[in-house]
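Q: I would like to go through this model step by step. Could we begin with the strands and then move on to the surface?

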Amino acid sequence: FNGGFASNAASFITTADNAYTLTLKSTDADANSGPNLRFVRDSGSAADDDYTGIIYFTADNDAGQETEFQRITTRIRDASDGTEDGQLTLQTMVAGTLRNRLEFNEVESVFNDDSVDVDFRVESNDEANMIFVNAGSNAVGIGTATPSGRFAIQMAHTETNVTLANNNETLVLGNSGSGDGVYNAIKFSG
(Lines give C-alpha, C1' and ligand atoms only; values in the text may rest on other atoms or scores of the structure.)
Protein backbone atom coordinates (compact mmCIF):
# COMPACT_ATOMS: atom_id res chain seq x y z
CA PHE A 1 0.00 0.00 0.00
CA ASN A 2 1.06 3.58 -0.46
CA GLY A 3 -0.10 5.72 2.45
CA GLY A 4 -0.61 5.77 6.18
CA PHE A 5 -2.70 3.36 8.15
CA ALA A 6 -4.35 3.14 11.56
CA SER A 7 -5.07 -0.02 13.49
CA ASN A 8 -6.94 -0.59 16.75
CA ALA A 9 -5.76 -4.18 17.22
CA ALA A 10 -2.47 -5.90 18.05
CA SER A 11 -0.36 -6.58 14.97
CA PHE A 12 2.42 -9.01 14.12
CA ILE A 13 5.15 -8.73 11.50
CA THR A 14 7.01 -11.99 10.84
CA THR A 15 10.06 -12.67 8.67
CA ALA A 16 11.88 -15.95 8.10
CA ASP A 17 15.32 -14.41 7.66
CA ASN A 18 17.62 -11.76 9.20
CA ALA A 19 16.25 -8.86 7.17
CA TYR A 20 15.19 -5.71 9.02
CA THR A 21 11.69 -6.60 10.21
CA LEU A 22 10.62 -2.97 10.50
CA THR A 23 12.27 0.06 8.95
CA LEU A 24 11.24 3.64 9.59
CA LYS A 25 12.57 5.86 6.82
CA SER A 26 12.32 9.62 6.40
CA THR A 27 13.26 11.28 3.11
CA ASP A 28 12.71 14.77 4.50
CA ALA A 29 15.65 17.04 3.61
CA ASP A 30 15.39 19.64 6.41
CA ALA A 31 17.48 19.74 9.60
CA ASN A 32 14.68 18.50 11.88
CA SER A 33 14.69 15.00 13.35
CA GLY A 34 13.35 12.07 11.41
CA PRO A 35 12.35 9.36 11.29
CA ASN A 36 10.62 9.52 14.65
CA LEU A 37 9.19 6.73 16.78
CA ARG A 38 6.65 7.80 19.38
CA PHE A 39 5.09 5.81 22.21
CA VAL A 40 1.90 7.42 23.58
CA ARG A 41 0.11 6.46 26.80
CA ASP A 42 -3.14 8.44 26.45
CA SER A 43 -4.83 7.81 29.77
CA GLY A 44 -7.87 9.71 31.01
CA SER A 45 -6.67 9.15 34.58
CA ALA A 46 -2.87 9.42 34.55
CA ALA A 47 -1.39 8.60 37.95
CA ASP A 48 1.94 8.23 39.69
CA ASP A 49 3.67 4.92 38.90
CA ASP A 50 1.70 4.30 35.68
CA TYR A 51 3.85 2.49 33.14
CA THR A 52 4.29 4.46 29.91
CA GLY A 53 5.86 1.74 27.82
CA ILE A 54 7.92 -1.44 27.86
CA ILE A 55 10.15 -2.88 25.17
CA TYR A 56 10.78 -6.61 25.56
CA PHE A 57 13.73 -8.39 23.92
CA THR A 58 13.07 -12.13 23.75
CA ALA A 59 14.81 -15.09 22.15
CA ASP A 60 14.87 -18.85 22.58
CA ASN A 61 17.23 -20.29 25.16
CA ASP A 62 19.12 -23.53 24.43
CA ALA A 63 16.04 -25.55 25.48
CA GLY A 64 13.95 -23.84 22.80
CA GLN A 65 11.97 -21.81 25.38
CA GLU A 66 11.07 -18.21 24.61
CA THR A 67 13.03 -16.19 27.17
CA GLU A 68 13.07 -12.48 27.91
CA PHE A 69 16.74 -11.49 27.93
CA GLN A 70 16.43 -7.68 28.15
CA ARG A 71 13.73 -5.12 28.95
CA ILE A 72 13.48 -1.33 28.77
CA THR A 73 10.75 0.03 31.04
CA THR A 74 9.44 3.57 31.41
CA ARG A 75 6.94 4.87 33.95
CA ILE A 76 5.53 8.02 35.49
CA ARG A 77 7.01 8.74 38.91
CA ASP A 78 4.98 11.95 39.41
CA ALA A 79 2.04 12.83 37.15
CA SER A 80 1.42 16.26 38.76
CA ASP A 81 1.04 19.00 36.14
CA GLY A 82 4.15 21.18 36.08
CA THR A 83 6.28 18.88 38.27
CA GLU A 84 6.19 15.67 36.21
CA ASP A 85 8.91 13.10 36.85
CA GLY A 86 9.74 9.99 34.82
CA GLN A 87 11.77 6.84 35.23
CA LEU A 88 13.71 4.74 32.72
CA THR A 89 14.93 1.27 33.72
CA LEU A 90 17.23 -1.05 31.77
CA GLN A 91 17.11 -4.72 32.76
CA THR A 92 19.08 -7.76 31.59
CA MET A 93 18.98 -11.45 32.39
CA VAL A 94 21.59 -12.45 35.00
CA ALA A 95 21.85 -16.15 35.94
CA GLY A 96 18.26 -16.83 34.88
CA THR A 97 16.60 -13.80 36.51
CA LEU A 98 15.76 -10.42 34.97
CA ARG A 99 17.65 -7.77 37.02
CA ASN A 100 17.71 -3.97 37.14
CA ARG A 101 21.08 -2.94 35.70
CA LEU A 102 20.56 0.81 35.26
CA GLU A 103 17.79 3.11 36.42
CA PHE A 104 17.27 6.83 35.91
CA ASN A 105 14.70 8.76 37.95
CA GLU A 106 14.19 12.30 39.24
CA VAL A 107 16.67 12.03 42.13
CA GLU A 108 19.37 9.58 41.06
CA SER A 109 20.94 7.34 38.45
CA VAL A 110 21.45 3.87 39.91
CA PHE A 111 23.65 1.04 38.68
CA ASN A 112 22.83 -2.47 39.98
CA ASP A 113 19.79 -1.59 42.13
CA ASP A 114 19.03 -5.31 42.55
CA SER A 115 22.38 -5.83 44.36
CA VAL A 116 23.66 -8.53 42.01
CA ASP A 117 27.33 -9.50 42.08
CA VAL A 118 27.99 -7.48 38.91
CA ASP A 119 31.06 -5.24 38.76
CA PHE A 120 31.06 -1.67 37.40
CA ARG A 121 33.95 -0.45 35.27
CA VAL A 122 34.77 2.88 33.63
CA GLU A 123 37.49 2.87 31.00
CA SER A 124 39.51 5.96 30.09
CA ASN A 125 41.62 6.57 27.00
CA ASP A 126 44.44 4.28 28.10
CA GLU A 127 43.36 2.81 31.45
CA ALA A 128 41.03 -0.22 31.33
CA ASN A 129 40.11 0.17 35.01
CA MET A 130 40.01 3.92 35.53
CA ILE A 131 37.17 3.33 38.02
CA PHE A 132 36.32 -0.20 39.10
CA VAL A 133 33.67 -1.24 41.62
CA ASN A 134 33.99 -4.86 42.71
CA ALA A 135 30.44 -5.85 43.68
CA GLY A 136 31.48 -9.11 45.36
CA SER A 137 34.04 -7.56 47.71
CA ASN A 138 32.34 -4.14 48.05
CA ALA A 139 35.54 -2.37 47.03
CA VAL A 140 36.45 0.50 44.70
CA GLY A 141 39.60 0.65 42.65
CA ILE A 142 41.11 3.55 40.75
CA GLY A 143 43.54 2.18 38.18
CA THR A 144 43.06 -1.40 39.36
CA ALA A 145 40.50 -4.19 38.95
CA THR A 146 41.72 -5.85 42.16
CA PRO A 147 41.45 -3.27 44.93
CA SER A 148 43.40 -4.41 48.01
CA GLY A 149 41.06 -2.63 50.43
CA ARG A 150 37.71 -0.84 50.52
CA PHE A 151 39.24 1.94 48.37
CA ALA A 152 42.48 1.53 46.45
CA ILE A 153 44.37 3.80 44.06
CA GLN A 154 47.04 2.23 41.91
CA MET A 155 49.24 3.65 39.20
CA ALA A 156 52.06 1.95 37.32
CA HIS A 157 55.13 4.21 37.16
CA THR A 158 57.26 3.37 34.15
CA GLU A 159 59.98 5.95 34.70
CA THR A 160 63.17 5.15 36.61
CA ASN A 161 64.32 8.78 36.43
CA VAL A 162 63.26 10.37 39.75
CA THR A 163 62.54 13.77 38.15
CA LEU A 164 60.27 12.26 35.50
CA ALA A 165 58.60 9.89 37.99
CA ASN A 166 57.74 12.85 40.24
CA ASN A 167 55.55 14.21 37.43
CA ASN A 168 53.34 11.06 37.55
CA GLU A 169 51.27 11.86 40.64
CA THR A 170 49.02 9.06 41.92
CA LEU A 171 46.98 11.24 44.30
CA VAL A 172 46.82 15.02 44.24
CA LEU A 173 44.96 17.20 46.73
CA GLY A 174 44.60 20.69 45.34
CA ASN A 175 43.19 23.95 46.58
CA SER A 176 42.95 27.07 44.42
CA GLY A 177 42.31 29.34 47.43
CA SER A 178 44.85 31.67 48.94
CA GLY A 179 45.45 33.40 52.24
CA ASP A 180 45.76 32.36 55.89
CA GLY A 181 43.90 29.21 56.86
CA VAL A 182 43.67 27.78 53.33
CA TYR A 183 45.18 24.32 53.24
CA ASN A 184 44.63 20.71 52.15
CA ALA A 185 44.10 17.95 54.67
CA ILE A 186 43.34 14.28 55.07
CA LYS A 187 41.55 13.49 58.32
CA PHE A 188 41.41 10.05 59.88
CA SER A 189 38.83 9.50 62.60
CA GLY A 190 37.20 6.51 64.26
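Q: Which residue in S5 does Leu102 stand opposite?
A: Leu102 stands opposite Phe111 in S5. The model is a predicted one, in which local features need pLDDT of at least 70 and side-chain atom pairs count only at pLDDT 80 or more, while totals for chains, interfaces and linings use all residues. Residues are numbered from 1 along each chain as its sequence is written, and side-chain values use heavy atoms, with hydrogens and water left out.

Q: What counts as a strand here, and when do two of them pair?
A: Strands are DSSP runs of E with at least two residues, numbered from the N terminus. Two strands pair if DSSP finds at least two bridges between them.

Q: In which sense do S4 and S5 pair, and over how many bridges?
A: S4 and strand S5 (residues 109-111) pair in the antiparallel sense over three bridges. A hairpin of four residues joins S4 to S5.

Q: And how many bridges join S3 to S4?
A: Seven bridges join strand S3 (residues 85-94) to strand S4 (residues 97-104), and the two run antiparallel. The bridge partner of Leu88 in S4 is Phe104. The hairpin of S3 and S4 has two residues between the strands, and Ala95 takes a positive phi near 55° there.

Q: Where else is a positive phi found in a residue that is not a glycine?
A: Asn138 has a positive phi of about 55°, and this residue lies in the loop between S7 and S8. Asp49 is another case, with phi near 70°; its place is in the segment before S1. Most residues other than glycine have a negative phi, and most peptide bonds are trans.

Q: Which peptide bond is cis?
A: The bond from Gly34 to Pro35 is cis, with omega near 5°. Pro35 is found in the segment before S1.

Q: Back to strands: in what order do S6, S7, S8 and S9 stand?
A: These four strands form an open sheet in the order S6-S7-S8-S9, and the pairing is mixed. S6 and strand S9 (151-153) stand at the edges with a single partner strand each, so one side of each is left without a neighbour in the sheet.

Q: Which pairs make the sheet mixed?
A: Strand S6 (residues 120-122) and S7 pair in the antiparallel sense over three bridges, with Val122 opposite Ile131 in S7. S7 and strand S8 (residues 139-142) also pair in the antiparallel sense over three bridges, and Asn134 has Ala139 in S8 as its bridge partner. S8 and S9, however, pair in the parallel sense over three bridges; there, Ile142 has Ile153 in S9 as its bridge partner.

Q: Which residues of S7 are on the covered face?
A: Phe132 and Asn134 form the covered face of strand S7 (residues 131-134), whereas Ile131 and Val133 form the uncovered one. In a regular strand the side chains alternate between the two faces of the sheet.

Q: Finally, where is Ile55?
A: Ile55 is found in strand S1 (residues 51-60). Ile55 counts as partly exposed because its relative accessibility is 34%.

Key
Buried means under 20% relative accessible area, exposed over 50%, partly exposed in between (1.4 Å probe, protein chains only).
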